[in-house]
Amino acid sequence: MKPTPRRKAREIAVQAVYSWQLTNNDISEVEANFLADNAKRRFDTEYFSLLLRGVATNVNDIDDIIRPLVDRPLADVDHVEKAIIRVGIFELRDCKEVPYKVVINEAIELAKAFAADDSHKFVNGVLDKVVKTFRPDE
């Protein structure tokens, strides 16, 4: 099955957040580079930008949500896992039109594709705890 434009947007957003985390480059520069590098791919560019800018703008709040849910300092969390979790938390908190099960499933799939072998379990565990805060009635 072909990935949807939104799924590709999430994938590219996670890669962009990962890049931003490592380089600390200006988010506008990161966004422009990823849009240019993926210009031939069909993806939801607006959703990509929403996720990337949303994470960058709210990173301190998002990290405050993550810290009590992990068993180690945030600095010790793998950069790929951190990027996926940050995007997932932003989406759970700010993109209410996307069902929480979709957000978590997409994050798990991204972890399986890009992170270490059992990372999807860690990502799932963190996002599962966040759902109760931002989507209690869903």
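Helix 2 and helix 3 are roughly antiparallel to each other, where the term covers angles over 145 degrees, as against under 35 for roughly parallel, 65 to 115 for roughly perpendicular, and oblique for the rest. This is a predicted model, in which local features need pLDDT of at least 70 and side-chain atom pairs count only at pLDDT 80 or more, while totals for chains, interfaces and linings use all residues. Residues are numbered from 1 along each chain as its sequence is written, and side-chain values use heavy atoms, with hydrogens and water left out.

**Stop one: helix 2 and helix 3.** Select residues 27-37 for helix 2 and residues 45-66 for helix 3, which pack at an angle of about 155° with their axes 11 Å apart. Helices here are DSSP runs (H or I, at least four residues; strands are E, at least two), numbered from the N terminus, and axes are lines fitted to C-alpha atoms, for helices over the stretch in contact, with angles from 0 to 180 degrees between N-to-C directions. The crossing of this pair is right-handed, that is, the near helix is turned clockwise from the far one by less than a right angle. Show Ile27, Ser28, Val30, Glu31, Phe34 and Leu35 of helix 2, which meet Thr45, Phe48, Ser49, Leu52, Arg53 and Ala56 of helix 3, contact meaning heavy atoms within 4.5 Å. This contact of helix 2 with helix 3 has 7 nonpolar, 3 polar and 2 charged residues, with Ala, Val, Leu, Ile, Met, Phe, Trp, Tyr, Cys and Pro counted as nonpolar, Asp, Glu, Lys and Arg as charged, and the others, Gly among them, as polar.

**Stop two: helix 1 against helix 3.** On helix 1 the contact is made by Arg6, Ala9, Arg10, Ile12, Ala13, Ala16, Val17 and Trp20, and on helix 3 by Tyr47, Phe48, Leu51, Leu52, Val55, Ala56 and Val59. By class, the contact of helix 1 with helix 3 has 13 nonpolar, no polar and 2 charged residues.

**Stop three: helix 5 and helix 6.** Select helix 5 and then helix 6 (residues 119-134), whose axes come within 8 Å and cross at roughly 160°, which makes helix 5 roughly antiparallel to helix 6. Their crossing is right-handed. Tyr100, Ile104, Ala107, Ile108, Ala111 and Lys112 in helix 5 meet residues of helix 6 including His120, Leu127 and Val131, and the contact divides into 8 nonpolar, 3 polar and 2 charged residues.

**Stop four: Tyr100.** Centre on Tyr100, which lies in helix 5. Leaving out residues up to four places away in sequence, Tyr100 touches Leu92, Val131, Arg135 and Glu138. Tyr100 and Val130, 30 residues apart in sequence, are 10.0 Å apart in space, C-alpha to C-alpha.
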